[in-house]
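Here is a short report on two parts of a fold. Keep the sequence and the structure at hand while you read.

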Amino acid sequence: MESAALPSEPPRDCPRCPRLVAYRAANAAAHPDWFNAPAPSFGPNHARLLVAGLAPGRTGANRTGRPFTGDHAGLLLYATLTKLGFARGRYDPNGEDDLELVDCMITNAVRCAPPGNKPEPSEEANCRPFLASRIADLPRLKVIVTLGDVSRRNVLKALGLRASAGVPGHGSEFAAGPYVVLNSYHCSRLNTNTGRLTPAMFEAVFERARALLDGQGAA
Ligand code: SF4
């Protein structure tokens, strides 16, 4: 496990990435009613499943303060989690709902929204100790679903492994210490609109997570 010296949730005014701090400030000036801070993880601390995205969308979690809430990617993610029993309640894109996660937590490898949805490698490194602590602070965690290869590589590094240790690609599965890392293509608008990721493909990853948690699938 990479150094877990930082807490699992960064402070609202985390200063570690100057470019992202400036972007937060610009968004706050333009939209003072938005959240405009590191997006906190969402879900119970006894979760056995962790979903790790890449970074908050500017008008998604950066606006609403809840991961994948308000952007296109959240539509498929929350619908799929609900279908597989990892979420319940009503989802609203403004977060004005009663949605809750069940045995599942959602976090991001980088907690602040990056311009163009693209964090710099240095920003991934800056935020990785929070990810390492997030993982370490889930005592029942068994399965980590990574959304996209950047997230997958960051999770492996947060676990103290080389990024090359795992297997890239959609549906890949890798035993990383006490955890199984399942990778999916990111449920972004680009991937879903082009058919690179279909709802059935996405659902299959969470069906596998469910089978692993229910003890029906050997890792
Ligand atoms: S991305 Fe992470 S490390 Fe960088 S400023 Fe935001 S919370 Fe801090």
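Threonine 146 has asparagine 183, in strand 7, as its bridge partner. Helices (H or I, at least four residues) and strands (E, at least two) are DSSP runs, numbered from the N terminus. This is a predicted model: local features need pLDDT of at least 70, side-chain atom pairs count only at pLDDT 80 or more, and totals for chains, interfaces and linings use all residues. Residues are numbered from 1 along each chain as its sequence is written, and side-chain values use heavy atoms, with hydrogens and water left out.

Strand 5 pairs with two strands, listed below. Two strands pair if DSSP finds at least two bridges between them.

| Pair | Bridges | Direction |
|---|---|---|
| Strand 1 and strand 5 | four bridges | parallel |
| Strand 5 and strand 7 (residues 179-184) | five bridges | parallel |

Isoleucine 144 in strand 5 stands opposite leucine 50. Strand 5 covers residues 143-147, and five of its five residues are buried (under 20% relative accessible area, with exposed over 50% and partly exposed in between; 1.4 Å probe, protein chains only). Val143, Val145 and Leu147 lie on one side, Ile144 and Thr146 on the other.

Now helix 3. Its twelve residues, 72-83, should span 16 Å at 1.5 Å a residue. The expected span is 1.5 Å times one less than the number of residues. The end C-alpha atoms are 18 Å apart, which agrees. Buried residues of helix 3 include Ala73, Leu77 and Leu81. Their cover includes strand 1 (49-53), strand 4 (104-108) and helix 7 (199-213). Glycine 85 follows helix 3, with a positive phi near 85 degrees.

Notes:
Contact = heavy atoms within 4.5 Å.
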